[in-house]
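Please open the model in a viewer and keep the selection tool at hand.

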Amino acid sequence: MRIAIVGAGVGGLTAALSLHAAGYNDIFLLEAAREIRDVGVGINLPPHAVRELSELELEGQLARSGLLTKELAYYDASGQLIWAEPRGLEAGYRWPQYSIHRGQLQRILVQAVGKRLGQSAIKTGQRVTSINQESAGPVHIEAVDQFSGRSVPHAADIVVAADGIRSAVRDGLNGGVTPLASNGWVMYRGTTRAGPFLGGATMIILGDETQRIVVYPIAAGLINWLLVRPKGPAAAAELGNWNVGVAPEVVASFVEQYRFDWLDIHRLIASGSEAYEYPMADIDPLPRWVFGRCALLGDSAHAMYPFGSNGASQAILDARVLAYNMATSGSIDEALHGYEAHRRPVATGVQLANRRQAGDVMAKVSAMARRGAHGDAATALQDAERSYRQLAGFDVDELNNRKSWNAQRAQS
């Protein structure tokens, strides 16, 4: 069986590795970029994502390239602690939580694909433009070669669309462009060479409903930061584009007041080596992910606001559940619909929860903190975090006791 994966991001690469581990060997990936480079900034991988990558025998690489995250701490806009909780192994999970540069994570996955599936498995410079499938026979894929400009045909028995928030495959299967939704906020993201803060293993979330900052280390001497705030007149990046550069000093001007003895956030951002502007965008939950022998995965299926460390994590879970269903089902149709039945309700819930996290939850907590009710604010945060963990698939007991999604298909 020949499987094509459109997109060589975190979701597509994890799908390739998971399908290979399940016993499928004829797999290729079509990536629009001419080369796969270390783009982006930091990413956080909670234990449910780390479990899946560990079961793909990748935890050693994660440990060498990333840092353990041992604590999550919430602070109000004055720098006063509201509430903190342990994370990863310290919280009782069987798997740790890691913070890592997104480019490093992608490199780990690319190298594993090359080693296990062969160096030719990833075909770069292939921008997929259309999918055509008939009742019988292979799925036909049309791509434009980014080196020559020529149209190039490909064929597969199954196509997995992991080509991102502006997925051409999804839009073709749906018969129209999927509109991107926005809450009118902008995320600024960057990294800075700096020493550790708060012991070197803490992720902080600081601010209120008007502006919020997240900071955490992703490597020795490298701090990842992001700032979300309402879009101003100078913000011009298009929806869905992660890689629009902005001067760090522009972002630093928004946080003049955030200078604390435990972390000078203004200095941190002003000293940034890189910064990017990203208008917050997601898509409304989709009514279906499967179209014949084509399935959506990751952002093409459920692009969500980047809250809760669950954008890439949910794509990783998609990949693992897809491979599990492919290995254990009696037919392609049963496998793809089983995958959708398992994953679409969960991802839809996370999409909607991330929208609430971006607005209602922080407004409620911030109002409590402003009137000095930090105990009530801590309780509200605890309740929100507990509900979110259960929804997103990383409740401690549930995750620790869930059976593995490792499976091998029966060989004919």
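This is a predicted model: local features need pLDDT of at least 70, side-chain atom pairs count only at pLDDT 80 or more; totals for chains, interfaces and linings use all residues.

Begin with residues 71-75, strand E5, together with residues 202-208, strand E14; these two strands run parallel and are joined by 5 bridges. Within this pairing, select Tyr 74, whose bridge partner in E14 is Ile 205.

Now extend the selection to the whole sheet. E5 and E14 belong to an open sheet of 8 strands with mixed pairing, in the order E6-E5-E14-E15-E16-E13-E18-E17. At its edges lie strand E6 (81-86) and strand E17 (244-245), each of which pairs on one side only.

Next, select residues 374-392. This is helix H11, which lies across E5 and E6 and runs at about 35 degrees to E6.

Two helix pairs follow. Two packed helices are described by the angle between their axes and the distance between the axes.

To inspect the contact, display side chains on both helices: H1 contributes Val 10, Leu 13, Thr 14, Ala 16, Leu 17 and His 20, while the residues from H4 include Leu 105, Leu 109, Val 113 and Arg 116. By class, the contact of H1 with H4 comprises 10 nonpolar, 3 polar and 2 charged residues.

For the second pair, select helix H2 (residues 47-55) and helix H9 (residues 311-328). H2 and H9 pack at an angle of about 45 degrees, and 9 Å separates their axes. The two helices are therefore oblique to each other. The crossing of H2 and H9 is left-handed. On the H2 side, show His 48, Ala 49, Glu 52, Leu 53 and Glu 55; they meet Ser 313, Gln 314, Ile 316, Leu 317 and Arg 320 in H9. This contact of H2 with H9 has 4 nonpolar, 3 polar and 3 charged residues.

Finally, zoom out to the complete protein, which has 12 helices and 20 strands. Along the principal axes, the C-alpha trace spans about 65 × 45 × 40 Å. How does the radius of gyration relate to that of a compact globule? For 412 residues such a globule would have a radius of gyration near 22 Å, and the 21 Å of the protein agrees with this.

Technical notes
Residues are numbered from 1 along each chain as its sequence is written. Side-chain values use heavy atoms; hydrogens and water are left out. Two strands pair if DSSP finds at least two bridges between them. Helices (H or I, at least four residues) and strands (E, at least two) are DSSP runs, numbered from the N terminus. Contact means heavy atoms within 4.5 Å. Axes are lines fitted to C-alpha atoms, for helices over the stretch in contact, and angles run from 0 to 180 degrees between N-to-C directions. Angles under 35 degrees count as roughly parallel, over 145 as roughly antiparallel, 65 to 115 as roughly perpendicular and the rest as oblique. A crossing is left-handed if the near helix is turned anticlockwise from the far one by less than a right angle, and right-handed if clockwise. Ala, Val, Leu, Ile, Met, Phe, Trp, Tyr, Cys and Pro count as nonpolar, Asp, Glu, Lys and Arg as charged, and the others, Gly among them, as polar. The radius of gyration is taken over C-alpha atoms; the globule rule is 2.2 Å times the number of residues to the power 0.38.
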